[in-house]
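The sequence and the structure come first.

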Amino acid sequence: MAVSAPSPAIGSGPATSARVAAIDTHAHVFEQGLALAEGRRYSPGHDATLADYLAQLDAHGLTHGVLVQPSFLGTDNGYLRNALRACRGRLRGVVVIDPACTDDDLARMADDGVVGMRLNLVGKDVPPLDAPPWRNLLPRVARLGWHVEVHLPAARLPTVVPPLLDAGCDVVVDHFGRPDPALGVADPGFGYLLRQAGSGRVWVKLSGAYRNWPHEQAATAGAEATRLLLDAYTPERLLWGSDWPHTEHGYMAYGAAYEWLHRWVADNETRRLILGETARRLFRIDG
């Protein structure tokens, strides 16, 4: 299904302010009928349109957002890039790309507002990041100033983070690092993530707690993980993302995800830094 770019008018609103107040750093947009990737773990049964996402930002007083390519769309980032072009200045993007893509491909994505690439390795083998073609791609990504966002179980972080750092890339770790639900913060992989704070080049997203723990435990477990991450990383390298539209967890609501952040980070100034300055710098949002 061909999807044209949404009207730029729907990107108007609070983002016209020169002041960056709060940034949601992890959300997805898509529609049914888009071409889906082979080997996907999930197929959406609903739409998550740009207009709906902007309405969530507006309703919760958030000025900017970051769209992340969902795994089920593979390397076809067309829908995401259309959304970025429709809302220039308000949105940034993180794409999934073929390692053989050209410099021109990367430049065009950067012009659209892309600032990072994603490695979603849940249920997948880790690619040979220190061998071609990845060894050729990663320095080019780093030269653009993009980060590499990684999504995989915490136990596998030690196989991914070092080659990315060695290639000169900044690293953003999704969803608290995805600790084992049975181990929580005692997961050795989560301990490894805490130690990576010393690199100064790793960020962690406080997002998708329900992907790590049963829903009834997610808020409390997320608070414990946030406390440890704050001690290690400080607000200068922690981010918050709604994970809207909470794929595979349809019971979750945007407002609940935002309220969890306020429970996890009760101090207003600390929360302001996470939502504002930290995200603004990493995602290169003017304001």
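Helix α6 (residues 188-195) packs against helix α7 (residues 215-233) with the axes 9 Å apart and at an angle of about 30 degrees. That angle makes α6 roughly parallel to α7, a label given to angles under 35 degrees, while those over 145 count as roughly antiparallel, 65 to 115 as roughly perpendicular and the rest as oblique. Axes here are lines fitted to C-alpha atoms, for helices over the stretch in contact, and the angles between N-to-C directions run from 0 to 180 degrees. Helices (H or I, at least four residues) and strands (E, at least two) are DSSP runs numbered from the N terminus.

The model is predicted: local features need pLDDT of at least 70 and side-chain atom pairs count only at pLDDT 80 or more, whereas totals for chains, interfaces and linings use all residues. Residues are numbered from 1 along each chain as its sequence is written, and side-chain values use heavy atoms, with hydrogens and water left out.

On the α6 side, Phe 190, Leu 193 and Leu 194 meet Ala 225, Leu 228, Leu 229, Ala 232 and Tyr 233 of α7, where contact means heavy atoms within 4.5 Å. This contact has eight nonpolar residues, no polar and no charged ones. In this scheme Ala, Val, Leu, Ile, Met, Phe, Trp, Tyr, Cys and Pro count as nonpolar, Asp, Glu, Lys and Arg as charged, and the others, Gly among them, as polar.

Helix α6 also has α5 as a partner: their axes come within 10 Å and cross at roughly 20 degrees. The two helices are therefore roughly parallel to each other. Leu 157, Pro 158, Val 161 and Pro 162 of α5 make this contact with Gly 189, Tyr 192 and Leu 193 of α6. Its residues divide into six nonpolar, one polar and no charged.

Which residues of helix α4 (residues 134-143) are buried? They are Trp 134, Leu 137, Leu 138, Arg 140 and Val 141. Seen down the axis of α4, they fall within an arc of 165 degrees, so they line one face of the helix; the arc is that of the directions from the helix axis to the C-beta atoms. An α-helix has 3.6 residues a turn, so residues three or four places apart point the same way. The buried residues of α4 pack against α3 (103-112), β4 (114-120), β5 (147-151) and α5 (157-166). Just after α4, Gly 145 has a positive phi of about 85 degrees.

Buried means under 20% relative accessible area, exposed over 50% and partly exposed in between (1.4 Å probe, protein chains only).

| Residue | Relative accessibility | Class |
|---|---|---|
| Asp 174 | 1% | buried |
| Cys 101 | 11% | buried |
| Cys 169 | 0% | buried |
| Thr 278 | 3% | buried |

Asp 174 is found in the loop between β6 (170-173) and α6. Not counting residues up to four places away in sequence, Asp 174 touches His 26, Arg 118, Glu 149, Val 150, His 151 and Lys 205.

The structure holds zero disulfides, a disulfide being a pair of cysteine sulfur atoms within 2.5 Å. The sulfur of Cys 169 is 12 Å from the closest cysteine sulfur, in Cys 101, too far for a bond.

Thr 278 lies in helix α9 (residues 268-282). Leaving aside neighbours within four places in sequence, Thr 278 is in contact with residues including Trp 203, Pro 235 and Leu 273.
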